[in-house]
Amino acid sequence: MDRRHYLIKDASLELLVRRKTKISDDGIRGKKFEIFCEIFLRKRNGAKESAEIHRELEVPFSSRKGWNIRKSNEEPATPIPSYPKRVLFRWSSEPAGRRRLSYPRARTMRGLWAAHWRSLGRKILHSSSSSSSSSTLSSNLKLLGPNLPDVWMMPSSSSSAFRSQSSANGQTANVINGKSIARAIREGVASEICRMKETIVKSPGLAIVLVGGRRDSQTFIRVKLKACEEVGITTYVEELSEESTEDEVLRVVSRLNNNPSVNGIIVQLPLPQHVDEERIINFVSPEKDVDGFHPLNMGNLAMKGREPLFIPCAPKSCIELLLRCGVEIMGKRAVVVGRSKIVGLPTSLLLQRHHATVSTVHSFTKNPEQITSEADIVIADVGIPNLICGSWLKPGAVVVDMGTNQVQDPGVDQGVRITGDVCFEEAIKVVSAITPVPGGVGPVTIAMLLSNTLDSAKRAFGFI
Ligand SMILES: NC(=O)C1=CN([C@@H]2O[C@H](COP(=O)(O)OP(=O)(O)OC[C@H]3O[C@@H](n4cnc5c(N)ncnc54)[C@H](OP(=O)(O)O)[C@@H]3O)[C@@H](O)[C@H]2O)C=CC1
Ligand SMILES: Nc1nc(=O)c2c([nH]1)NC[C@@H]1CN(c3ccc(C(=O)N[C@@H](CCC(=O)O)C(=O)O)cc3)C=[N+]21
């Protein structure tokens, strides 16, 4: 075994690793490393425990950008030379019996140093708490690369990602709780923004451009503004009339591009017919493109070995839901129904990054039912209520329903309710897990927008 050591470093994680397999000069992708480190924990009963972490880790990208690997001659006798005594980690146990950790906010330390240790602890513990069957899960988390927030956290012990629902035939499917996952992400974002305010007296800013007065767009924007306010993101809303010209919209975007207080820009879609959507999206600065729709970001998402600055929020939340629920993606057959640029296409690209075998179903696909019924993972992004029914699904499949469709229902307040693309009542009898609508992907999409905005601000302010 080669005994040289490497220092793997990303924004907040430094690990000394011993190279296990031979590394050729052409890169480190796919190579296995052994990680040695020591971390100190305090159990719930107050007892301290020092855990040695010795794991194998497969580096997913050849990119040195995300990982920043350099050679180190240091022997990892005590890989972490000192530890902050006040960072506290609690043990909690999962219903499945697997140990999981939850992390109370360390209030006793402040500033960059505390954050460094907190996130180091989180990442290491996260990896170490995965059982062997979920080892791919932790390496998959890293696949999302530097765009992932520091605030990546396991759900708190009180919130459950699943609610089981039994059908008449006794089959039990897990209903994935997007709300609780979103809450955990929002809490993480909020605490990072607090740290940012405390340390550099700055906070992230998000601008939303709305052209015209579509009711659904106004509703979505209200939800986004409320979420921003809750976590401490400053918002700027630019409302333009339905009749605005393309140049007027471009002028607003240009002003926002040049405003240093604005770290993220969203142009709410769809735009009125006479405005060229592509031209507007192209004009948003890629560094502020928190939607991830700019061709530079989308192109980098599509190309192996490249890193987009932002990953679109809904696709990112789809992967997040799968990972948080322990669904293995690598090697699985995934079908994405829909290929739109804001959801379907980037979801397919992300699933490929996670090494799923991905098929796309669209409006010209012949026999879509046959294709979906062979899939382990089905993602619906069509915009047609109840298109995907029970017979389209393989028993035990996992379904993520991204559809958000308004349907008339005289039985509810205001006569309209939201439903997905999947016939939930039928699917629940067949699948092993499913996201509901509402309460599935939607809230996590909003949480991802907050997280992308935070990432953008961190990059702009050079805040680690
Ligand atoms: N939960 C969330 O966070 C988000 C949810 N959404 C929701 O996702 C849904 C889709 O939105 P969006 O992607 O913008 O919609 P688009 O209309 O842009 O795309 C719909 C896609 O579905 C395909 N399609 C249409 N009919 C069929 C069919 N009968 N069989 C198979 N495929 C079909 C289309 O194929 P083709 O390419 O051939 O036209 C197209 O690729 C909506 O309900 C929207 O509200 C959107 C954004 C975020
Ligand atoms: N530039 C741009 N970026 C977008 O990300 C974008 C867009 N334009 N145009 C419209 C679509 C749609 N979209 C949703 C976001 C959240 C929910 C969401 O929170 N849904 C809740 C229900 C909300 C309700 O009740 O109305 C849920 O599923 O539980 C849904 C859909 C983002 N989009």
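## Residue classes around ligand 2

In this report Ala, Val, Leu, Ile, Met, Phe, Trp, Tyr, Cys and Pro count as nonpolar, Asp, Glu, Lys and Arg count as charged, and the others, Gly among them, count as polar. The structure is a predicted model, and in it the shell around ligand 2 is made up of 11 nonpolar, six polar and one charged residues.

## Where the shell comes from

Ligand 2 is surrounded by 18 residues, of which the closest are Leu269, Thr404, Pro438, Gly442 and Thr445. Both domain 2 (163-181 + 311-444) and domain 3 (202-300) contribute to this shell, each of them with at least three residues.

In terms of secondary structure, at least two residues of the shell around ligand 2 come from each of helix H5 (215-231), strand S12 (264-267) and helix H13 (441-461). The element that gives the most to this shell is H13, which supplies four residues.

## How H5 and H13 meet

Two of the elements that line ligand 2, H5 and H13, also approach one another: their axes come within 10 Å and cross at roughly 55 degrees. Angles from 65 to 115 degrees count as roughly perpendicular and those under 35 degrees as roughly parallel, and the two helices, H5 and H13, are therefore oblique to each other. The crossing of H5 and H13 is right-handed.

On the H5 side of the contact are Val223, Lys224, Ala227, Cys228 and Val231, which meet Ile446, Leu449 and Leu450 in H13. By class, the residues of this contact between H5 and H13 comprise seven nonpolar, no polar and one charged.

Terms used:
Residues are numbered from 1 along each chain as its sequence is written. Chains are lettered from A and ligands numbered from 1 in the order in which they are written. This is a predicted model: local features need pLDDT of at least 70, side-chain atom pairs count only at pLDDT 80 or more; totals for chains, interfaces and linings use all residues. A residue is near a molecule or strand if its C-beta atom, placed from the backbone, lies within 6 Å of it. Domain bounds come from an automatic or database domain assignment. Axes are lines fitted to C-alpha atoms, for helices over the stretch in contact, and angles run from 0 to 180 degrees between N-to-C directions. Angles under 35 degrees count as roughly parallel, over 145 as roughly antiparallel, 65 to 115 as roughly perpendicular and the rest as oblique. A crossing is left-handed if the near helix is turned anticlockwise from the far one by less than a right angle, and right-handed if clockwise. Two residues are in contact if their C-beta atoms, placed from the backbone, lie within 7 Å.
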